[in-house]
There are 2 protein chains.
Amino acid sequence: MPGDASTGTFLQGLERGLAVIRAFSADTPSLTLSEVARDVGITPATARRILLTLEQLGYVRSDGRRFSLTPRVLALGWAYLSSLDLGDIAGPFMEELSAKTRESCSIATLDLPDIVYVARVPTSRIMTVALGVGARLPAYVTSMGRVLLAGLAEDELSAYLSSFEAEALTEYTVTSVDDLRDVIAKADVDGYALVDQELELGLRSIAVPIRDSRGRAVAALNVSAHASRSTPDSLREDVLEPLRECADQIGTALRRRGRI
Amino acid sequence: MPGDASTGTFLQGLERGLAVIRAFSADTPSLTLSEVARDVGITPATARRILLTLEQLGYVRSDGRRFSLTPRVLALGWAYLSSLDLGDIAGPFMEELSAKTRESCSIATLDLPDIVYVARVPTSRIMTVALGVGARLPAYVTSMGRVLLAGLAEDELSAYLSSFEAEALTEYTVTSVDDLRDVIAKADVDGYALVDQELELGLRSIAVPIRDSRGRAVAALNVSAHASRSTPDSLREDVLEPLRECADQIGTALRRRGRI
């Protein structure tokens, strides 16, 4: 039974501290105390206690007025990545798939409403750094997101769709809830999802689930290719089979090591 | 003035919550409540409150007995990475350097006693995923660590060296404090550091600092090469100059965007 704010179990200071860390971003690399208070929805006094605590712990630095995060924050995300140990376990299989298909491949997991990249083997030099581990994309418009959404329980999927807000990132983006429900159902039946320039013009991607011992899709593996180097048919005919084999190998290896 | 546990400023729940997240690793991907309490040095009751809070917030999942981290934890590290925005700012320069030298290059910052990788452009397929962003290595045995240590104030460096514990990772590893002080002093004079198979047999690396507007080494850029493809002289003669140019370009770009 999770902690509950109404009981003494829940640690509000911890919740707010994590929210303060997440308040920093590319648009707001540094924040004043009052900006943090406003963004997180806490009093300046609380923001001050949190920022000074984080500063003493080395997660935040300050020039006296503006606060920013330090690389120590990466140790938090790294705790998850190293506990998943994808580098050692999935890395070799991903290298092989990337060499075989001559395209980038990635593994992502679901953190609704986003997917989060947890491993990536790039080929195209572009995006190597930009779309690295930890990067987030909206689940509805990515091939990995759709196979993961297809793996949700009906009530989880309905909850997601009920609060779903689509943005037409390109002229091809599926934006209506009904259409999205259809493509997710199709991904469930097909066992894969193919997204054709819905996220970005010129970018195609095909993904399959990585399943745990109970058959649940706990992660997804994809291959993404520039439209100039691929067609939807070429992805289905040339990439889908090696992609499935690789996902099975990774799933087996992760299950054997008790990671999923 | 940082928060202080002796005053009401310091939020111990936040400190302990972050320590609990960091208790998970490749060796301990899942932990029981009592294991967390023991590893972090808190009471089981406190560990329970923290774990249930983290579970309710979606950073931790549980099978009832064992707890593990969720991908949401990556959002914390990502807050730092995206606020640094290295992908967009440094990425293109790193791609160019990697293409020019045909070797992997990386950017790391100091989080004593470690360096933390914040950007990486791999060429060799082998460590692509394993040594990704967020990975940590001991500062004393890496080229990036040595140029960053060379940039520390004397009292900071002395504090580091006084608690310095060396491990002979290879037969070439510098392990004595005096020798380490010498190579750090040399890195300061030379403006670069070259590490020859001290971290791993067959691996050479050369690094230079990335400086902020006050000339402080806030990050380091390196090129690493297999010994089979390089000699210490070839790294100095062929790689050092493009490496320096790249670090200057990145430093200028980061300063212009107010990231350092």
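Guide: Start with R216(B) and D212(B). Their side chains form a salt bridge, with the closest N and O atoms 2.8 Å apart. This is a predicted model, so each distance here belongs to a prediction. The two partners differ in setting. R216(B) has a relative accessible area of 44% and is partly exposed. D212(B) has 6%, so with the cut-off for buried at under 20% it counts as buried.

Other salt bridges share partners. One network of this kind joins R72(A), D111(B), D114(B) and R136(B). The network takes in residues of chain A and chain B. We will come back to it at the interface.

Stay for a moment in chain B, at A217(B). A217(B) belongs to strand β9, which covers residues 217–226 of chain B. A217(B) is buried at 17% relative accessible area, because the cut-off is 20%. What does A217(B) touch, once residues up to four places away in sequence are set aside? The contacts are V147(B), L148(B), G151(B), P209(B), I210(B) and R211(B). L52(B) gives a sense of scale. L52(B) and A217(B) are 165 residues apart along the chain, and their C-alpha atoms are separated by 41 Å.

Next, a pair inside one helix. R236(A) forms a salt bridge with D233(A), and the closest N and O atoms are 3.3 Å apart. Both residues belong to helix α10 of chain A, residues 232–256. They are 3 residues apart, which means a separation of about one helical turn. Both ends are partly exposed: R236(A) has a relative accessible area of 35%, and D233(A) has 44%.

Now a pair that links two elements. In chain B, the side chains of R66(B) and E35(B) meet in a salt bridge of 3.2 Å, N to O. R66(B) lies in strand β3 (residues 66–69) and E35(B) in helix α2 (residues 33–40), so the bridge ties together parts that are 31 residues apart in sequence. R66(B) is partly exposed at 25% relative accessibility. E35(B) is partly exposed too, at 22%.

How many salt bridges does a search of the whole structure find? The total over all chains is 26. Across the interface of chain A and chain B, the rule finds 2. One salt bridge between the chains joins R72(A) to D111(B), with the closest N and O atoms 2.5 Å apart.

Which elements of chain A supply at least two residues of the side that touches chain B? The helices are α1 (12–22), α3 (44–56), α4 (74–84), α5 (86–89) and α6 (91–101). The strands are β4 (104–111) and β5 (114–121). Helix α4(A) gives the largest share, 10 residues. By class, this side of chain A has 38 nonpolar, 17 polar and 14 charged residues.

Polar pairs cross the interface as well. With both residues at pLDDT 80 or more, 6 residue pairs are in polar contact between chain A and chain B.

Now look at D111(A). D111(A) lies in strand β4 of chain A. D111(A) counts as buried, with 5% relative accessibility. A polar contact of 2.6 Å joins its side chain to that of R72(B). Leaving aside neighbours within four places in sequence, D111(A) is in contact with V116(A), R136(A) and R72(B).

Step back to the whole interface. In chain A, 69 residues are in contact with 70 residues of chain B. The buried area between the chains is about 6,100 Å². Carbon and sulfur atoms give 67% of it.

Last, the relation between the chains. A rotation of 180° with 0.0 Å of shift along its axis superposes chain A on chain B, at an RMSD of 0.0 Å. That is the relation of a two-fold axis. The interface residues agree: 100% of those in chain A are also interface residues in chain B, so the copies meet through the same surface.

Notes
Residues are numbered from 1 along each chain as its sequence is written. Chains are lettered from A and ligands numbered from 1 in the order in which they are written. Side-chain values use heavy atoms; hydrogens and water are left out. Contact means heavy atoms within 4.5 Å. Buried area is the accessible area (1.4 Å probe) that two parts lose on being put together, summed over both. A salt bridge is a side-chain nitrogen of Lys or Arg within 4 Å of a carboxyl oxygen of Asp or Glu. A polar contact is a pair of N or O atoms within 3.5 Å; within protein, one must be able to donate a hydrogen and the other to accept it, and residues adjacent in sequence count only if both atoms are side-chain atoms. Helices (H or I, at least four residues) and strands (E, at least two) are DSSP runs, numbered from the N terminus. Ala, Val, Leu, Ile, Met, Phe, Trp, Tyr, Cys and Pro count as nonpolar, Asp, Glu, Lys and Arg as charged, and the others, Gly among them, as polar. Copies are superposed by least squares on the C-alpha atoms of residues with pLDDT of at least 70 in both. Buried means under 20% relative accessible area, exposed over 50%, partly exposed in between (1.4 Å probe, protein chains only).
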